[in-house]
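Let's take a walk through this one together, a step at a time. Have the sequence and the 3D view open as you read.

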Amino acid sequence: MSSLGLAALPEGGRADFAAIRADRRRRLLDAMAAADLDVLVLGRPGDIAFAAGVRPLFTSGSRPYSVGCVIVRDGSRVHVLADHDEGVPAEIAHDHVIGRSWNPRIASARTGQIPGLAEARRIGSAGMSTGVATLLATIAPAAQIVDARPLVRAARARKSAAEVAVIETACSLAEAGLAAMAQELRPGVTTRRLAARYWERLGQLGVTVVPDGLVACRTACRLCGGLDGSPLAEGELVSLSPSVTYGGYDATLARTLVVGGSPTAAVGKLRDRALDSLREVVTTCVPGATGAELVRAWTGAGEPAFGAALAHGVGVGIEEPIIDIGLGADEVLAEGMMLAVQGWVHEEAVGSWHHREMIQVTGAGPRLLTRPHPRAAGAAATTTSSPGAI
Amino acid sequence: MGVMFLGRAVAGGTVNGDPIPDVPDLARMRQQRSSRLRGSMRERGVDALLLLGTSAVQYAAGAAAPIVDASRATLLRPVALVLADDPEPHLFTPYREAADERIAADHIHPPLWVELDGQVADIAARLGRLVPDDATLAADEMPYPLRRALGDRVVAEGAVVLGAARLIKTPDELACLRAAQSMNEAAMRTVQDALHPGSRQSELTGILLREAFELGAGGVGVDAIWQVMPRRRSDGPWAFHGDVAYPAPSSDQILREGDVMWVDSGILYEGYASDFGRTWLVGADPNEQQREHFARWVAVMQAVLDEIRPGATGGDLCRAARKADPLSAAEGGKPWLEQFYLAHGLGVDSAEMPFFGTDLGEEFDDSFVLEPGMSFELEPVIWREGTGGYRSEDLVVVTDDGWAPLSDYTYAPYEEHRRSETAR
């Protein structure tokens, strides 16, 4: 499988998004049946996009949990809160679109009219807030309210082949943005300029959603610092970490490049250490592996925590599991999961090397979705020496 | 020196006695926000305020969080804890480096994983060390794992505590809002110059962000909108409320000569939102009907601006807008979109209190009294079925004796109609 290209073709779309949506709904409805839920309420943007297939307007930051999608098992009906049908797929009929309101009383009345909600015995909600608790108590006072996060998480975790193909396309877009940044990279350039170039390139490719805005940062001082406006010096290490949302799915990767020259022997050693240690983690990512095993692979290579998750799920946005030192030890990887796995190593007086891959957990072992390196003209920079493997 | 905006004289620019500085003093801003927030806590008898929302944490702790989508902002969220008797907020964050310079080292903590079931015991233990059992606790959100960690503990609604503090902006916050708006506008000037028949929506976004980052913006608050508007509602997307469907997310749509485009963007600076809204025409000048839409929009804006002063109500603004545009009333509407509002607040969120003209109703609008330091975006919309419409937005702040604009952008190609001198 490889990336698909972005355009629809006369004989059909390259990715059959209608089939992908139908498959996702079936997974949720099956899970609802298994958990004996009459109704499933979703409020997190990723869950809503997964279930309803809506193309949301990107806004940065978290949002309070409120009802955004209601699935009624009887009749397999998906109701979505939206003001209009642009971005709402055709299979959701207009009478299943519920207009949003600023007024809790009106919102409650509209939601209450969803057939089957008032009579529901068991309602799952994949999140909770005072507002949603009040609303459900008002509309369906007799219903038992169940924490549906585990159910939704499980339905989202294992990607179908079609989903993987879309994610792979997203990877190709992120790599295209990476290549544009790599071409721009030279002494005197700022990380702001690199981010500017990244956005410009993605816009040319037809993409407007970058789910993680920190696409470039100097690794000499910080991993999670922001963009800055001071010029990069020759020999400095820069972490380029492009991310893209395409067709609702995310891709994210990170590469470290040397500004304006070949790596010194010390930098080469740092790079090898980073990639070798990360390879230990990646090879651990097989069905049945635990979070603790991933962490042991990293720490066993002699590496400490680095202030960002060692691995996390990726799909419609990022997902659980989140695995790090002291976090997610009991998580178990399953076939079909998509993970972002990253490492960051630091050597005093040399710098830091950051690297992130997207991998699919398969029965045949971890499969890399991200390509090793943009060998851009003019960017005398290097990361791995062996394409196809980290 | 007389300053004019949309043909109206701008009164003096002080807010609660202070001028809006040219450059925000970020340390003073954080200190004043902390003081406002803790004041609001004391008024409501709240000893400890736990904040989870991205903008809430930004306001309370002042630490720059990365600009990320909702999934990252939720799962990897920083959490703030404000204690009424401690001017320094506690911050639990996965982005420690971004907090270092702004928060005392002993108040920065490893992340509190309030969304993860496996962390319930850890959440309980760490909050227990900072919040005494007998303290009154409030929180803005309550995900399942946090609720479990808090056991039987009663938790008050934290959003109202925060909302009361955020409603009035300090002069430095207003300077941040103006700086964000100014960056957004400067970037948009380049986009408008580059716009031509054949441009793609996504290309315009690329140019906007390229410029915004080079100018020092923090990131994207809202995916930029470049929506091509129909002349009849029925030619656009179906809408639940029956009004014009807006906003539609952008794509790689190619723009054509004569397209009427409603433009809307928000980029962030120091956590503060901006909100740029204009109607543009692709490769064309406005025709007579389009000029008429614009003239109606200006009349509505002028009528609303004339009402803005401390003591006026949201209802006063809405009534002035309706009265200034009898044509929309004659068609059974009002000069703003049914599903939105005439005005919305702007701060660390791109739409926050106050809201005027929503379905909260006239009683709400009439009960909301303007005070110096309230900043809001006015966004009247003129629509005439058959010929389309006009929508633009401007940002104002209520001053001690009237209002002052925080936005400053031409209405081209409709009219070079803007303030005659800058207020700075």
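Is Ala159(B) buried, partly exposed or exposed, and why? Before answering, keep in mind that this is a predicted model. Ala159(B) counts as partly exposed, because it has 18 C-beta neighbours inside 10 Å, and a residue needs 20 or more to be called buried. You'll find Ala159(B) in helix H7 of chain B. If you look for Glu141(B), you'll see that it sits 18 residues from Ala159(B) in sequence, with 8.2 Å between their C-alpha atoms.

Now zoom out to chain B as a whole. Chain B splits into domain 1, covering 26–166, and domain 2, covering 171–405. Their C-alpha centres are 32 Å apart. Where the two touch, domain 1 of chain B puts in 10 residues and domain 2 of chain B puts in 13. On the domain 1 side, the elements giving two or more residues are helix H1 (26–43), helix H2 (54–61) and helix H7 (159–166) of chain B. Sort the residues on that side by class and you get five nonpolar, three polar and two charged.

Next, hop over to Ser328(B), which belongs to helix H12 of chain B, residues 326–330. Is Ser328(B) buried or exposed? Ser328(B) counts as buried, because 21 C-beta neighbours fall inside 10 Å and the cut-off is 20. Setting aside neighbours within four places in sequence, Ser328(B) makes contact with Gly333(B), Lys334(B) and Pro335(B). Met374(B) is another story: it is 46 residues from Ser328(B) along the chain, and 28 Å separates their C-alpha atoms.

Time for chain A. Nine helices and 16 strands make up its list of elements. Its radius of gyration is 22 Å, close to the 21 Å that the globule rule gives for 390 residues, so chain A is as compact as a globular protein of that length. Along the principal axes, the C-alpha atoms of chain A fill a box of roughly 70 × 40 × 40 Å. Of its 390 residues, 55% count as buried. Now take the contacts in chain A between residues at least 6 apart in sequence: 68% of them join residues at least 24 apart.

Chain A is divided into domains too: domain 1 spans 17–157 and domain 2 spans 161–368. The C-alpha centres of these two domains of chain A are 33 Å apart.

Let's look at a sheet. Six strands of chain A form an open sheet with mixed pairing, in the order E4-E3-E2-E1-E5-E6. The edges are strand E4 (97–98) and strand E6 (144–147) of chain A, each of which pairs on one side only. In general, strands of a sheet pair through backbone hydrogen bonds, either parallel or antiparallel. Strand E5 of chain A, residues 122–125, pairs with E6(A) in the parallel sense over four bridges. Look there for Arg122(A), which stands opposite Gln144(A) in E6(A).

Then follow helix H8 of chain A, residues 265–284. Its 20 residues reach 29 Å from first C-alpha to last, close to the 28 Å expected at 1.5 Å a residue. Its buried residues include Val267(A), Leu270(A), Arg271(A), Ala274(A) and Leu278(A). An α-helix has 3.6 residues a turn, so residues three or four places apart point the same way. What do the buried residues of H8(A) pack against? Their partners include helix H9 (291–300), strand E14 (338–347) and strand E15 (351–362) of chain A.

Finally, see how the two chains meet. Chain A gives 63 residues to the contact and chain B gives 62. On the side of chain A, H2, helix H7 (191–204) and strand E13 (317–323) each give two or more residues, with H7(A) making the largest share at nine. By class, that side of chain A holds 24 nonpolar, 25 polar and 14 charged residues.

Methods. Residues numbered from 1 in each chain as written. Chains lettered and ligands numbered in written order. Predicted model: local features only at pLDDT ≥ 70, side-chain atom pairs only at ≥ 80, totals over all residues. Buried ≥ 20, exposed ≤ 12 C-beta atoms within 10 Å, placed from the backbone. Contact = placed C-beta atoms within 7 Å. Domains from an automatic or database assignment. Nonpolar A, V, L, I, M, F, W, Y, C, P; charged D, E, K, R; others polar. Rg over C-alpha atoms; globule rule 2.2 N^0.38 Å. Expected span 1.5 Å × (residues − 1). Pairing = 2+ DSSP bridges.
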